[in-house]
Amino acid sequence: MTLGRQLRRPELPTVGARWCEAALPEGSVYRFLARERARLFPPELFADLFQPTGRRSVPPSILAVVMVLQRLEGLSDGEASDRFAFDVRWRYAAGVADAVAGEETASFAHTVLVDFRARLRASADPDRIFRVTCALARQVGLVGVKRVLDSAPLEDAVTTQDTVTMLRGAIRGLLGACPPALKTKVRAGLQREDDYAAPGKPACDWTDRAAREALVDALVRDGYRAHYALRGERLNPRVAEAAELLATVTGQDIEETSDGRFRILEGTAPDRVISTVDPQARHGHKTAAHGFDGYKAHIAADPDSEVICAAEVSPATTGDAVVAPTLLDDLTADSQGGGPVTRAVVYGDSAYGTGAHLAWLDHHGLTPMVKTALPTAPSGRFAKDQFRIDLQAGTVTCPARVTVAIRPARRGGGRARFGPACSVCPLRDACTSSARGRVVAIHPQEAELTAARARQRDPAWLADYQATRPKVERKLAHLLRRRHGGRRARVRGLVRVAQDFKLLAAAVNLARLSTSACTPRRRLAGPVRLTAPATCHHCRNCQLNAQNAYNSSENTGHLAPPVRRGHYAVRANFLGRTRRCALD
């Protein structure tokens, strides 16, 4: 398939486009995409996705606009293709508001969107649409050197499965992935009376405990037999992936009893697979009381313009601070090709206040404005911050003024043990209940943690933090305001979920940029072309000139659209003609 290019048909009527120009408000994302579509999504941006020859595709600029509006409005592929075919706002944004029925730009099947996403996913730059929105925001001066980090749960698009369902599903998936000859060999080794053809749970009397235990034992043994049949075989990637999933499911929840039987292990594995349909989804916890199943979305936003500068998706078990260096890549010295960025500031909650992340920020010259959790102790006893830690001398002094040496650990940090001194200490009951005495753990990045806790006690620091950090919550609310495609993923697999979330971030950025077109011109200065103002607030004469320009146009006989007054500029001309005020 070759790259499709948008047809230029000057002989076509432009009634639909002119109507949208008059009816849509100035800050509309449809108007912004129609005006800047060619600048945002030129054909060269998608040239690597297509072959030099072949059947012509739907122009990728049209598909990019449709995908952005689809994610912005939370629609499925079928709903998006219908909206493009019948909603003049979508067609106006894509530049085909007056296309004739039957043309390739008039409508397309929803599978075209599926194919286009697959081409993007397989390319070297799958997130180019999001990258373009970030580049545009930087060119118009909406991105500074402040970043606010946060994350939010993304529920998976599949059902969380129990162990029995996953065991049978993994065996069934391996049989489905094997070529016919290997499938026959694997199937011959299975001994349960089950053809593993239909999905779902196997038949069992679930009220009978002995029957449940016998079923689990039989499924695990069939899983081992299936793996034994693969020994010595050359496996293609699909079969190897299915075999790895079966080994993971068999080993994560199963233990062998003393009599040689297999049973379900009590508890939950740390990185447990929760579904054979989406093996990359995980159990996660946003807080100690709030659990979820799926993935975790991470963003870095500029707190002044609320533009999303970076977005990532990770498994639900990944800590926020682990993903933070990826989100802040544009602020590091290496990405700037020179010295460190001046006065770059990073805001975040206590999830980003780990010792490793604070050390990383310090190494790259970034100012940390992240909360660091204060040390606590059970039952109101002395917390760690009530001990005087001297890292230079390698000692720790307790509230009773007893000083002991820090015993270094192999991986950094160490421990200070007060055992003998605690036995006769008058403050023992307020310090520890251990018979061995109090032990103070020293973190490998104890210096960074101590400095961070000292900073956040400053009232000025706290005021800046409280005024800036919560802004990212509003941006996450914009991203996840819809259940389908927002809080809940539309697709399966980490790569697809990440691609879909970054496309959603691109759509939200474009919606934000569309409203920024009415900000002062000093923010829009630069190579990016934005439409010049049609009228201004300076004088009534400009408004009358715009009204007269419309009345003298080829659309005489139509009612003149009302002039929309804005603080800086208003586009009031039906035909898109512009005027500049003499006072500007």
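This is a predicted model: local features need pLDDT of at least 70, side-chain atom pairs count only at pLDDT 80 or more; totals for chains, interfaces and linings use all residues.
Helices are DSSP runs of H or I with at least four residues, numbered from the N terminus.

Two packed helices are described by the angle between their axes and the distance between the axes. For helix 3 (residues 60–73) and helix 4 (residues 77–86), the packing angle is about 120 degrees and the axes lie 10 Å apart. The crossing of helix 3 over helix 4 is right-handed. On the helix 3 side, the contact is made by Ile 62, Val 66, Gln 70 and Glu 73, which meet Asp 77, Ala 80, Arg 83 and Phe 84 of helix 4. Sorted by class, this contact comprises four nonpolar residues, one polar residue and three charged residues.

The second largest pocket has a volume of about 660 Å³. Its lining consists of 26 residues, of which Glu 241, Leu 245, Thr 276, Val 277 and Pro 279 are the closest to the pocket centre. At least two lining residues come from each of helix 8 (163–177), helix 11 (237–252) and helix 20 (494–516). The most is given by helix 8, with seven residues. In terms of class, 10 residues of the lining are nonpolar, seven are polar and nine are charged.

Six aromatic pairs are present in the structure. One of them joins Tyr 224 and Phe 262 in a tilted arrangement, with a centre-to-centre distance of 5.5 Å and 40 degrees between the planes. This pair links distant parts of the chain, as Tyr 224 belongs to helix 10 (residues 209–229) and Phe 262 to strand 3 (residues 262–264), and the two are 38 residues apart.

Methods
Residues are numbered from 1 along each chain as its sequence is written. Side-chain values use heavy atoms; hydrogens and water are left out. Axes are lines fitted to C-alpha atoms, for helices over the stretch in contact, and angles run from 0 to 180 degrees between N-to-C directions. A crossing is left-handed if the near helix is turned anticlockwise from the far one by less than a right angle, and right-handed if clockwise. Contact means heavy atoms within 4.5 Å. Ala, Val, Leu, Ile, Met, Phe, Trp, Tyr, Cys and Pro count as nonpolar, Asp, Glu, Lys and Arg as charged, and the others, Gly among them, as polar. On a 1 Å grid over the protein atoms alone, a cavity is a set of points where a 1.4 Å probe fits but cannot get out, and a pocket is an open set with protein on both sides within 12 Å along at least five of seven lines; lining residues have an atom within 4 Å of a point. Grid points are joined across faces, edges and corners, and a volume is the space filled by probe spheres set on the points. Rings of Phe, Tyr and Trp (its six-membered ring) pair if their centres lie within 6.5 Å; planes under 30 degrees apart count as stacked, over 60 as edge-to-face and the rest as tilted.
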